[in-house]
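Work through the following exercises with the structure open beside you, and try each task before reading its solution.

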Amino acid sequence: RKPLSLQRLLDMHASGDKIAMLTCYDAAFASLLDEAGVDVLLVGDSLGNVLQGESSTVPVSLDAMVYHTRCVARGRKNAWVIGDLPFDSYQASPQEAWKSAAALFKAGAHMVKLEGGGWTAPIVRFLVERGIPVCAHLGLTPQTVTMLGGFKVQGRDDAAAAHLKRQAIELAEAGAQMLVLEMVPAPLAADLTRTLKIPVIGIGAGVGCSGQVLVLHDMLDVTPGRRPRFVKNFMAGASSVQDAVARYVAEVKAQTFPQDDLHSY
Ligand code: KIV
Ligand code: NA
């Protein structure tokens, strides 16, 4: 397998070859996921929930993100690595965002991800012009779930959908080279995927995206408690963790995951 690159990811979007992405927080899983054919490893700030036992991603520090990004970068071989900019590491100014993004970039991330639209466009432009690729994140943005009033589907009515679409186009124009869409109606995500020239990676956004992402611990069924509707347990019927991840990759590529009636809105 050839190492993933920005160009290869853009080509996959253009040709309709689906992109398989999972969250990853350490070297052992980075190696396992890479071997199983996962294209993109997201060092998500979901590590606050999954590894640290916090009830939100808000307390996650930049130091923690740097540490886990370094761990993942050491374990990967061919996969593309994205590091999440955590809460309070990019909101105040483009300069603050640059220092934080540079720390993740130096730790081995190929791209950084930040949540939100509108006010983030100048930050995206600032980072991209200076050489750090950026993935945007719209829809349900966990860092601002307090403002959103809970874990609810975003972009439901026509006005909200049009607003989200404008923000996505603006972020792409600002230089974002990937977009994560979380918990948005499948038709809206499919429309955006057709409109944009950059890969759109869905989580609870339907099968019409350029690719899919899930939290690793959710799809391996080791997260305690209730799981969101869009999660599928890939350990069910699998003979090993490797097999479960390989099934995830195969189902994303074949577009048999996510299913309209089970995992989408
Ligand atoms: O932190 C994370 O795991 C994420 C994904 C859910 C997209 O941002
Ligand atoms: Na995140």
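This is a predicted model: local features need pLDDT of at least 70, side-chain atom pairs count only at pLDDT 80 or more; totals for chains, interfaces and linings use all residues.

**Exercise 1: The overall fold**

Solution: As a next step, take the secondary structure, which comes to twelve helices and eight strands. The C-alpha atoms fill a box of roughly 50 × 40 × 35 Å along the principal axes. Finally, among contacts between residues at least 6 apart in sequence, 63% join residues at least 24 apart.

**Exercise 2: An annotated residue**

Task: Decide whether Glu 182 is buried or exposed.

Solution: Begin with the record, an unreviewed UniProt entry, whose "active site" annotation covers Glu 182. This residue lies in strand E6, which spans residues 178–182. A residue is buried if 20 or more other C-beta atoms lie within 10 Å of its own; Glu 182 has 23 such neighbours inside 10 Å, so it counts as buried. Leaving aside residues up to four places away in sequence, Glu 182 touches His 137, Gly 139, Leu 140, Ile 203, Gly 204 and Ala 205.

**Exercise 3: The shell around ligand 1**

Task: Find how the residues of the shell around ligand 1 divide into nonpolar, polar and charged.

Solution: First list the surrounding residues, which include Thr 23, Asp 45, Asp 84, Glu 182 and Ile 203. Sorting the shell then gives five nonpolar, three polar and three charged residues.

Conventions: Residues are numbered from 1 along each chain as its sequence is written. Chains are lettered from A and ligands numbered from 1 in the order in which they are written. Helices (H or I, at least four residues) and strands (E, at least two) are DSSP runs, numbered from the N terminus. Two residues are in contact if their C-beta atoms, placed from the backbone, lie within 7 Å. UniProt positions are given in the numbering used here, feature names are shortened, and annotations may be inferred rather than shown by experiment. A residue is buried if 20 or more other C-beta atoms lie within 10 Å of its own, exposed if 12 or fewer, and partly exposed in between; C-beta atoms are placed from the backbone. A residue is near a molecule or strand if its C-beta atom, placed from the backbone, lies within 6 Å of it. Ala, Val, Leu, Ile, Met, Phe, Trp, Tyr, Cys and Pro count as nonpolar, Asp, Glu, Lys and Arg as charged, and the others, Gly among them, as polar.
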